[in-house]
Amino acid sequence: MKFVFLCFCCFPLLVVAQQPNSSKAGFVINGTIPGLPEKSVVYLTDQQDTDTLASTTVKNGNFVLKGTLSETDAYLLSLPAIDRRVFLFIGNESITMKASGIELNDISVTGSSTHTDYEAFMNSIKPLGAFVAFYRQQI
């Protein structure tokens with residue numbers, strides 16, 4: 001009887017242990033940048049550009065990067081064929097990147113709430129940069 005009671009108490013623990021961990025589901029970056037050279041490499045690295053976390057090749061101006069990140073943080077998306085890097089604040093999310101060309105002047109990143117917060121922060125401090133530049137010219 002004690003054995004049955006013990007099994008009954010441990011059963012919920014066994015069920016919970018079998019559930020997949022959604023935080024380890026990983027990230028997916030779907031990118032569309034017309035003009036990227038066919039079969040050129042695209043990769044995601046840490047901020048120092050020392051550890052490659054994911055890499056793929058371009059097909060018809062599109063790429064898909066998949067992997068798993070240990071935490072939400074700042075990362076670099078490198079496009080060596082056009083000598084460009086994109087700074088991203090992402091976690092294990094599904095992200096879409098679009099630009100109208102390889103100049104990346106109008107790049108948009110959607111699907112990451114932390115990256116959206118980063119862009120809002122950068123837009124809020126842009127006037128401060130203009131203010132500092134103006135006063136530096138006065139000196």
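Y118 counts as partly exposed because its relative accessibility is 21%; buried means under 20% relative accessible area, exposed over 50%, and partly exposed in between, with a 1.4 Å probe and protein chains only. The model that holds this residue is predicted, so local features need pLDDT of at least 70 and side-chain atom pairs count only at pLDDT 80 or more, while totals for chains, interfaces and linings use all residues. Residues are numbered from 1 along each chain as its sequence is written, and side-chain values use heavy atoms, with hydrogens and water left out.

The chain as a whole comes next. It contains two helices and eight strands, where helices (H or I, at least four residues) and strands (E, at least two) are DSSP runs numbered from the N terminus. Read from the N terminus, the order of elements is α-β-β-β-β-β-β-β-β-α. Of the 139 residues, 27% count as buried. The chain exposes about 9500 Å², and carbon and sulfur atoms supply 58% of that area; accessible areas come from the Shrake-Rupley method with a 1.4 Å probe, and for residues only the protein chains shown count as cover. Among contacts (heavy atoms within 4.5 Å) between residues at least 6 apart in sequence, 48% join residues at least 24 apart.

Confidence is expressed as pLDDT, the predictor's confidence in each residue, from 0 to 100. The mean for the chain is 86, and 83% of its residues reach 70 or more. Over residues 19-23 the pLDDT is below 50, and this stretch has one contact in the model beyond near neighbours in sequence.

The structure holds three aromatic pairs. Rings of Phe, Tyr and Trp (its six-membered ring) pair if their centres lie within 6.5 Å; planes under 30 degrees apart count as stacked, over 60 as edge-to-face and the rest as tilted. One of the pairs joins F87 and Y118, a tilted arrangement with 5.4 Å centre to centre and 55 degrees between the planes. This pair links distant parts of the chain, with F87 in strand β6 (residues 84-90) and Y118 in helix α2, 31 residues apart. F87 has 33% relative accessibility and therefore counts as partly exposed. Y118 also pairs with F89: the ring centres are 5.1 Å apart and the planes are at 45 degrees, so this pair is tilted. Because F89 lies in strand β6 and Y118 in helix α2, the pair ties together parts that are 29 residues apart in sequence. F89, at 25% relative accessibility, counts as partly exposed.

At 45% relative accessibility, Y135 counts as partly exposed. Together with F121, M122, I125, L128, F131, V132 and F134, Y135 forms a nonpolar patch on the surface, with about 750 Å² of accessible area together. Patches are made of residues with over 30% relative accessible area and no salt bridge, like charges being joined within 9 Å and nonpolar side chains (Val, Leu, Ile, Met, Phe, Trp, Tyr) within 5 Å. A salt bridge is a side-chain nitrogen of Lys or Arg within 4 Å of a carboxyl oxygen of Asp or Glu.

Two loop residues remain to be described. Most residues other than glycine have a negative phi. D49, which is not a glycine, has a positive phi of about 60 degrees. D49 is placed in the loop between β2 (41-45) and β3 (52-57), and its 29% relative accessibility makes it partly exposed. L104 likewise has a positive phi, near 60 degrees, and lies in the loop between β7 (94-98) and β8 (108-110). At 11% relative accessibility, L104 counts as buried.
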